[in-house]
Amino acid sequence: MAVALLVAAGSGERLGAGRPKAFVSLAGRPMLAWSLDAVRAAGIADIVVALPPGEDAPSGTAGVPGGATRSASVRAALAAAPPGDVVVHDAARPLVTPDAFTATLAALADADCAIAAAPVPDTVKEAGADRLVTATLDRSRLWAIQTPQAFRRTALERALAVPDEVLAAATDDAWLVERTGGTVRVVESTPANFKVTTPHDLRIAELLLADRLPPAPAH
Ligand code: CTP
Ligand code: MG
């Protein structure tokens, strides 16, 4: 059985809500609660949460103090996880659905790592510091990377056994697998699984998640 690592230890600077982002209220519950629902609905019972200072682990999960960077938080959570393959998810993606967990874990059958990703809808160009375009990339080969990211246990352990400065340079854990020679597969996801970064994102998530709540009792 797989283990889920939920990284929730960030401070949420860009959201600017005055408390750690994963614990900000979203459609009536802490943001983290929405991802926890999806993990559990995918049948994953072992859950480790990397926490910011001053916050407690949700009931039924194991909490660990987060690290200085996102991947350091993943490493701290992994150290506390029971045996098994691992799926890492950002608490900042509350719109995740259970099938994203099951699909990425299933794709480990022929890869060391499998990551949720959405096709890129925009044309993407490269430009230099002078803002002159140097290339137009082939959009059919581009993917916007999300979480969940699933890992064979040994591949993630090897990937995270690096100096803190390498961890700090990682914007996702799959890159750490790539640089140690592991195979990484993309699993098509939807742009609806976006990351809440700014107040605008929080508003959109609020509108979408309000539909998932049971109707409020009549007064
Ligand atoms: N995260 C973490 N530990 C850190 C930094 C980030 O567990 N040291 C988690 C966040 O809680 C979030 C996910 O990694 O669920 C993605 O990070 P991001 O969206 O950057 O969240 P924050 O770091 O909280 O936001 P900001 O960068 O705006 O401060
Ligand atoms: Mg951050």
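User: How far is a nitrogen atom of ligand 1 from a polar backbone atom of T69?

Analyst: This is a predicted model. A polar contact needs a pair of N or O atoms within 3.5 Å. The pair formed by a nitrogen atom of ligand 1 and a polar backbone atom of T69 is at 3.4 Å.

User: Which residue has a side-chain N or O atom 2.6 Å from an oxygen atom of ligand 1?

Analyst: S11 uses a backbone N or O atom, 3.2 Å from an oxygen atom of ligand 1. The 2.6 Å distance involves a side chain instead, that of K195.

User: What share of the accessible area of ligand 1 does the protein cover?

Analyst: Ligand 1 sits in the largest pocket. On its own, the ligand has 560 Å² of accessible area. The protein covers 87%.

User: How many residues surround ligand 1, and how do they divide?

Analyst: The closest are V7, E13, K21, S73 and K195. In total, 18 residues surround ligand 1. The shell divides into six nonpolar, six polar and six charged.

User: Is A27 buried or exposed?

Analyst: A27 has a positive phi, near 50°, and is not glycine. The residue lies in the loop between strand 2 and strand 3. Its relative accessible area is 8%, and the cut-off is under 20%, so A27 is buried.

User: Is R131 buried or exposed?

Analyst: Phi of R131 is also positive, near 65°. R131 is in the loop between strand 8 and strand 9. Its relative accessibility is 73%, and the cut-off is over 50%, so R131 counts as exposed.

Note on methods
Residues numbered from 1 in each chain as written. Chains lettered and ligands numbered in written order. Predicted model: local features only at pLDDT ≥ 70, side-chain atom pairs only at ≥ 80, totals over all residues. Heavy atoms only, no water. Near = heavy atom within 4 Å. Polar contact = N/O pair within 3.5 Å; in protein donor to acceptor, adjacent residues only side chain to side chain. Areas by Shrake-Rupley, 256 points an atom, 1.4 Å probe, with all protein chains shown as cover. 1 Å grid on protein atoms, 1.4 Å probe; cavity = no way out; pocket = protein on both sides within 12 Å on 5 of 7 lines; lining within 4 Å. Sits in = over half its atoms within 2 Å of the grid points. Nonpolar A, V, L, I, M, F, W, Y, C, P; charged D, E, K, R; others polar. Helix = DSSP H or I, 4+ residues; strand = E, 2+ residues; numbered from the N terminus. Buried < 20%, exposed > 50% of the residue type's maximum accessible area, 1.4 Å probe, protein only.
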